[in-house]
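Please consult the sequence and structure shown here while reading.

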Amino acid sequence: RRLLSSLQWWPQYVQLVPLHFKRRWLADQLHSQAQQPTPVHLQVQKDDLLGSLCNKLKDCPDNLRWGIDVSFTDDEDDEDMEEEDVSTKDRKEFFRLAANEFMYADLELFKSKDGGRSFHLSPNATEKDHVEQLELCGKLIGLALLHGEPVPSMKLSKPLRRMLLGAPLRPLEDMASVDPAFYDSKVAYILEGRYEEEGEEGSKELSALNLTFVDDAGEGEKVELCLGGADRYVNEENKMQYLDLLCHHRLMDSVRDQVEAVLNGLHTLVPADVQTQLQRVFTATELGLCLCGEGTIDVSEWKGKSEQKTSPEIWDTFWRAVEAMSNEQRQGLLEFTTGAFTVQGDVEGLILAPTDGLLPEVVPGADGSPTLKLPGYGSVEQMRQALLRSCSGSDAELATNLWK
């Protein structure tokens, strides 16, 4: 584990370390911050879980970094189980129930715009209670990482996981995964120049749309994306800057207070220096797998739900390349193509289509399956490596085990 602390400076070696080893390393890092090896005992009520947590964790002691023991005050004692087994069982149940509470739709802390595959912070979570609950949520995430306990309902969006790691956003790519409908109707519309098709004889110009550097989020709310944005018009020369600022505002600036609340809670267990190391050791996809657990991807099922719009040779080479991957590598490919970083229930199918480009390209499906555009490759191994390079590039870091 000391070796991993040294290897963090060499990404080409870090990406070879198995995820379970990184989890143990993280637990050691967090335990080392504790003043004494004594877990905090929490007595909580199932029927008032958030209220109990607010009271117990509001003034969080330093030794919370050594973990928690949990007991439910409204549970009957199980006389047939050992005390240690009861404690472990209660802790697992606690994490599951607490995560469900935070992701509950009526609480309005998180919102999904991709059909429930992932959840991003809600810009409507602005009340004092919301901020306190989000800070508590950050503490729960830290505790889940410390204990290695999955919280399957916490399907946090990829840009939110990037922010938890302190990694930079990739605004356009992240927007495509968080809100495919908005990406298709606004971002891709401008990127692909679809407005040109609407003019007479396909001659409409971007300037004719009268767009300014303002985000019209609806309900009469307009926010300038830069100084003087209301007076700055979007044209062909500055459209990439406009789209970058627009997506960054939707993903980060509009929920900045909510992000800070979650990070404040997380930093109670994960200090800033450890978070800096996390960014070098973990990818956003790996963080998602740590939180939600790893599922096993059934390649034959995935293939059966996918649609062939490319040549038989490319279709066959792609699925043989997927079969040659490890399960962790398939998890990275799953997130790259569908936005889902773990398998819970049915896996979403793909549309495989040809491209004149040199690299695989994903086109989000606003109302259906995403399209993966693939060039031809000379061998299965060339296809596999090209897919893995695309996955790691999309994550803005080197993905784990991609080059084994």
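## Aromatic contacts and cysteines

Trp302, Trp315, Phe318 and Trp319 form one aromatic cluster. The model is predicted, and a search of the whole structure finds 6 aromatic pairs in it. One of these joins Phe213 and Tyr242: with ring centres 5.5 Å apart and planes at 70°, the pair is edge-to-face, because an angle over 60 degrees is classed in that way. Phe213 belongs to the loop between α9 (180-191) and β5 (214-218), whereas Tyr242 belongs to helix α10 (residues 239-251), so this pair ties together parts that are 29 residues apart in sequence. Both Phe213 and Tyr242 are buried.

Phe318 and Trp319 are both buried.

Two rings have a charged side chain over the face, as listed below.

| Charged residue | Ring | Distance to ring centre |
|---|---|---|
| Lys46 | Phe72 | 4.9 Å |
| Arg232 | Phe213 | 4.3 Å |

How many disulfides does a search of the whole structure find? The search finds 0. A disulfide is a covalent bond between the sulfur atoms of two cysteines. Cys137 has 0% relative accessibility and therefore counts as buried. Cys292, at 6% relative accessibility, also counts as buried, because the cut-off is under 20%.

Methods: Residues numbered from 1 in each chain as written. Predicted model: local features only at pLDDT ≥ 70, side-chain atom pairs only at ≥ 80, totals over all residues. Heavy atoms only, no water. Phe/Tyr/Trp six-rings, centres within 6.5 Å; stacked < 30°, edge-to-face > 60°. Helix = DSSP H or I, 4+ residues; strand = E, 2+ residues; numbered from the N terminus. Buried < 20%, exposed > 50% of the residue type's maximum accessible area, 1.4 Å probe, protein only. Lys NZ or Arg CZ within 6 Å of the ring centre and 35° of its normal. Disulfide = S-S within 2.5 Å.
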